[in-house]
Amino acid sequence: MLSCPIPDNLPAAVELAHGGGGLLTSQLIHQVFDHYFHNDILATYHDGAILPAMGERIAMSTDTFVVTPLFFPGGNIGDLAINGTVNDILCCGATPRYLSAAFVIEEGMKIDDLCKIAAAMAAAAKEAEVEIVTGDTKVVERGRCDGVYINTTGIGIVPPNLWLDPSSLKPGDAIILTGPIGNHGMAIMTQREGLKMTSEIKSDSASLGDIVHALLRVVDLRVLRDPTRGGLAATLNELAEASGVNITIEETAIPLREDVRTACDLLGLDPLHVANEGIMVAVVPADQAATALEAVKRSAHGAEAAIIGTVEAPDPQGAKVWLRLPYGNRRRVEQMRGEQLPRIC
């Protein structure tokens with residue numbers, strides 16, 4: 001776990017005055033956030049960031065992270081906030097360049113914990129080759145939030161003539177999953193429930209530029225999506241509906257680690273609905289599926305990738321997602337009405 005010493009002239013815990021815009025606010029920004037996020041653009045301390053020209057097509061995405069607990073096996077809310085937004089930009093086919101970071105901090109939060117979160121954000125941003133160039137800090141009364149909430153907004157550059165469109169799926173297309181499902185959600189849930197496993201389940205939170213860039217070099221991608229909240233089931237249903245097609249996935253082809261399967265069984269959860277933070281769904285033309293899979297498997301985060309299904313023509317009742325079971329029968333995979341696992345990201 002990343003850690004840092006508490007700066008000498010900061011109290012050990014956040015006070016309401018840290019959100020008041022005065023001296024303590026300035027100290028918090030300079031001695032915690034600027035310490036970890038420093039770069040030439042941020043150093044101007046302007047109300048916004050003046051960015052250099054980046055080309056004609058810009059991708060932008062924003063997300064807010066309220067995960068509990070703040071620290072979990074494999075990461076914390078800080079690197080999760082960076083990786084989640086970076087991956088949303090990557091799913092547009094863009095190269096992420098800049099991020100904003102806004103914090104809502106609860107009075108009484110330990111400065112040392114805030115430092116650990118900021119350090120994790122800095123490390124994740126460096127790994128993803130992005131810069132945090134602007135942000136905001138607010139402090140709320142004790143009991144009004146669970147330590148800290150973080151909002152990140154990302155900006156990236158989209159290559160010319162690239163359009164990744166959820167409505168572009170065609171019958172025969174292959175569905176590729178870049179890694180095992182359920183790791184992030186079950187890392188959170190086993191911590192919440194105090195579930196002791198033989199091996200510790202770790203979050204798969206990561207920025208996946210290696211996978212996206214590898215795919216863009218070798219195949220004509222239809223679409224990329226990261227199956228976060230709602231899991232693989234929600235993502236595939238959204239794609240099927242957007243394109244007006246059916247999707248069939250093979251249960252035996254879906255990567256799922258045994259400890260995650262066991263934890264899901266113990267908690268009565270369907271792994272298809274569990275959130276992920278370090279995998280992507282890629283849809284490619286059938287004749288490029290083998291090339292795409294090989295490219296993903298060669299990347300740093302794609303060793304366990306698999307082709308898990310195909311796109312099919314819709315039936316008269318409309319777009320559906322089906323799971324084919326080991327003995328050949330199948331069941332409908334639907335989106336959940338609510339949230340199976342709240343506060344996962």
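## An exposed asparagine to start with

Asn161 counts as exposed, at 74% relative accessibility. In this predicted model, Asn161 sits in the loop between β6 (148-157) and β7 (174-177). Its backbone is worth a look too: Asn161 is not a glycine, yet its phi is positive, at about 65°.

Most residues other than glycine have a negative phi, and most peptide bonds are trans. Glu129 is another non-glycine residue with a positive phi, near 60°. You'll find Glu129 in the loop between α3 (111-128) and β5 (131-140), and with a relative accessible area of 67% it is exposed.

Then there's the peptide bond between Thr68 and Pro69, which is cis, with omega at about 5°. Pro69 belongs to the loop between β1 (58-65) and β2 (71-72).

## The overall fold

Stepping back, the protein has eight helices and 13 strands. Its radius of gyration is 21 Å, close to the 20 Å from the globule rule for 345 residues, so the protein is as compact as a globular protein of that length. The C-alpha trace spans about 65 × 50 × 35 Å along its principal axes.

How many of the contacts between residues at least 6 apart in sequence join residues at least 24 apart? That share is 85%.

## Surface and charge

Of the 345 residues, 52% count as buried. The accessible surface comes to about 15,500 Å², and carbon and sulfur atoms account for 50% of it.

As for charge, the protein carries 27 positive and 43 negative charges, and the mean positions of the two sets lie 4 Å apart.

Conventions:
Residues are numbered from 1 along each chain as its sequence is written. This is a predicted model: local features need pLDDT of at least 70, side-chain atom pairs count only at pLDDT 80 or more; totals for chains, interfaces and linings use all residues. Side-chain values use heavy atoms; hydrogens and water are left out. Helices (H or I, at least four residues) and strands (E, at least two) are DSSP runs, numbered from the N terminus. The radius of gyration is taken over C-alpha atoms; the globule rule is 2.2 Å times the number of residues to the power 0.38. Buried means under 20% relative accessible area, exposed over 50%, partly exposed in between (1.4 Å probe, protein chains only). Contact means heavy atoms within 4.5 Å. Accessible areas come from the Shrake-Rupley method with a 1.4 Å probe; for residues, only the protein chains shown count as cover. Lys and Arg count as positive and Asp and Glu as negative; His and the chain ends are not counted. The place of a charge is taken as NZ of Lys, CZ of Arg, CG of Asp or CD of Glu.
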